[in-house]
Amino acid sequence: MEWFNQVDSTYRSDLREINESNFARFDAKLEQRFAEQDAWIERRFAEAEVKMERRFAEADGRMEQRFAEFEVKIEQRFAALELRVERSPKEQTRFLYVALAAQVVLILGLYTR
């Protein structure tokens with residue numbers, strides 16, 4: 001009976017050692033796969049970050065171009081408005097002189113009758 005117990009404990013210890021070595025190999029493989037997955041995720045995030053930075057730079061360039069075009073249009077419109085404002089008093093003065101002359105002619109026409 002004692003011999004069976006000895007054999008049983010020997011088999012148990014051998015089985016424990018085999019299980020521990022298998023678990024150690026499994027654990028090492030699992031750690032390796034997690035490390036590979038982490039590296040893949042880091043690489044993907046880095047690629048996405050590069051793409052995002054490039055797209056933001058392109059969008060900034062387009063916005064700068066559009067703002068520059070808008071600024072040119074605004075400057076042109078203000079220049080046209082300033083020109084109209086400068087012309088406006090001259091045209092109004094001319095109109096007033098013409099209207100005054102017409103009134104003077106009408107008044108003189110009424111008095112000469």
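Predicted model: local features only at pLDDT ≥ 70, side-chain atom pairs only at ≥ 80, totals over all residues.
Residues are numbered from 1 along each chain as its sequence is written, and side-chain values use heavy atoms, with hydrogens and water left out.

The chain contains one helix and zero strands (DSSP runs, H or I of at least four residues for helices and E of at least two for strands, numbered from the N terminus). The radius of gyration, taken over C-alpha atoms, is 48 Å, well over the 13 Å that the globule rule (2.2 Å times the number of residues to the power 0.38) gives for 113 residues, so the chain is more spread out than a compact globule. Its C-alpha trace spans about 160 × 25 × 10 Å along the principal axes.

Buried residues (under 20% relative accessible area, with exposed over 50% and partly exposed in between, 1.4 Å probe, protein chains only) make up 0% of the 113 residues.

Helix α1 covers residues 2-111 and includes Arg55, which counts as exposed because its relative accessibility is 55%. Arg55 also belongs to a surface patch of positive charge with Arg44, Lys51 and Arg54. Patches consist of residues with over 30% relative accessible area and no salt bridge, like charges being joined within 9 Å and nonpolar side chains (Val, Leu, Ile, Met, Phe, Trp, Tyr) within 5 Å; a salt bridge is a side-chain nitrogen of Lys or Arg within 4 Å of a carboxyl oxygen of Asp or Glu. Lys and Arg count as positive and Asp and Glu as negative, whereas His and the chain ends are not counted.

Phe26 is likewise found in helix α1. Together with Phe23, Leu30 and Phe34, Phe26 forms a nonpolar surface patch with about 430 Å² of accessible area (Shrake-Rupley method, 1.4 Å probe, only the protein chains shown counting as cover for residues).

Definitions and conventions: Charge placed at Lys NZ, Arg CZ, Asp CG, Glu CD.
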